[in-house]
Every structure is written in structure tokens, then in C-alpha cells.
Amino acid sequence: MISLGVTALVFGVVFLAELPDKTALAGLVLGTRYRASYVFAGVAAAFLVHVVLAVAAGSVLTLLPQQIVHAITGVLFLGGAAVLLMKKGEDEEEIRKPENQSFWKVSGAGFMLILVAEFGDLTQIMTANLAARYDDPLSVGLGAVLALWSVAGLGIVGGKALMKKVPLELITKIAAVLMTGLGLWSLWEAIAG
């Protein structure tokens, strides 16, 4: 039986913790470039995997080597920034054409980015701790996954709305700069940690 109180509590805590996180930015960036439903499918699947791992493993996730996670995240963000900067000559209409973006390519990219970037993240550790505290894995898992999906959806929709107001080239450059910053920060955490 699912406890609505525990689910709501977990939703609120995880939503607020994840909102300013790099995931919202990643969703926004992917949402400007690719079909929103494809991006969301990959991102949602990755978050589901994270929540299942967090709930199943409890607080054991806090023991994982953060330096390796930060290093991989840094490389992925820098790679993403490089890909954004190297793409030239695409206009908004070309980006939106479904034939230029297969479901598996787009959802796979979103899945891998979130899977690696969020591994051992604060919200995953928080979910593990909440699962251990409340001993209600279904309620905690449901609240956490709904919160993460909500943040991802907001980021993706925000990306689509932003593209209607700001030229794609400018969004791409800003996103590349932000992803470079996140990549360098993650690498710094890997070295300093």
C-alpha cells in the first residue's frame, strides 16, 4: 500500500533539491535540440533506474567513489559542449524534423547523460536515506521518481519555449558555455575530492 503522505513528502524534498541541479540544465539543452517526447523518454528511464537503485541499495550508495563519478560526468559535459559547438548550419526547422532525430538516438543520449551525471547525486543519496528512514520503498520510490520526472519535464518544456524567443545559435553557444563550466567543475571535484 502506498502512503500518500510519504509520497508527497518525498516528492517535495526531491523536487526542491533537484530543481537547481544540473539535470534541469541538461533537460533544457536537450529540449532545445531534439524532440521533447524522445528526450523525456530517455531521461525518465534513467531517473527510474536511479530511483530503483537508491531505494534498493539504501544508504550504501554513499560509499561509491565520487571522484570517478565526477570525472565521467565532467568528460560527458565537455563532450556535449564540443558537440554543440561543432554543429553548424542547422536552423530551427531542420532541428525539429523527426527524420533527423531517431527515437533511439535521442532517448539514448538523454538516458546516458542522466544515468552517469546523476549517479551518486544528492537526490539519489537523499532517496536512499528516505527509503531507509520510512521503510516504505514504494511510497518513497514513487515520490522521488515523480519529482525527478517533473523537474526533467520542466527543463525540456523550458528549452522548447526558450527556442521560440531566442535564436537557436545563441542558445547553443550559451548551453555550450554552461556545459563547459559544469564539465570543468565536475573534473575539479574529481581531482580535489
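The structure holds 4 aromatic pairs; rings of Phe, Tyr and Trp (its six-membered ring) pair if their centres lie within 6.5 Å, and planes under 30 degrees apart count as stacked, over 60 as edge-to-face and the rest as tilted. This is a predicted model, in which local features need pLDDT of at least 70 and side-chain atom pairs count only at pLDDT 80 or more, while totals for chains, interfaces and linings use all residues. Residues are numbered from 1 along each chain as its sequence is written, and side-chain values use heavy atoms, with hydrogens and water left out.

A pair of aromatic rings is described by the distance of the centres and the angle of the planes. Two of the pairs are set out below.

| Pair | Centre to centre | Angle between planes | Class |
|---|---|---|---|
| F11 and F15 | 5.6 Å | 15° | stacked |
| Y38 and F103 | 5.2 Å | 85° | edge-to-face |

F11 and F15 lie 4 residues apart in helix α1 (residues 4-18), so about one helical turn separates them. Helices (H or I, at least four residues) and strands (E, at least two) are DSSP runs, numbered from the N terminus. F11 is partly exposed at 29% relative accessibility, whereas F15 is buried at 17%; buried means under 20% relative accessible area, exposed over 50%, and partly exposed in between (1.4 Å probe, protein chains only).

Y38 is buried, with 16% relative accessibility, and F103 is partly exposed, with 30%. Ring pairs also link Y38, F103 and W104 into a cluster.

The protein contains 9 helices and 0 strands. Of its 193 residues, 45% are buried. Among contacts (heavy atoms within 4.5 Å) between residues at least 6 apart in sequence, 94% join residues at least 24 apart.

Not counting residues up to four places away in sequence, V10 touches L130, V140, G143 and A144.
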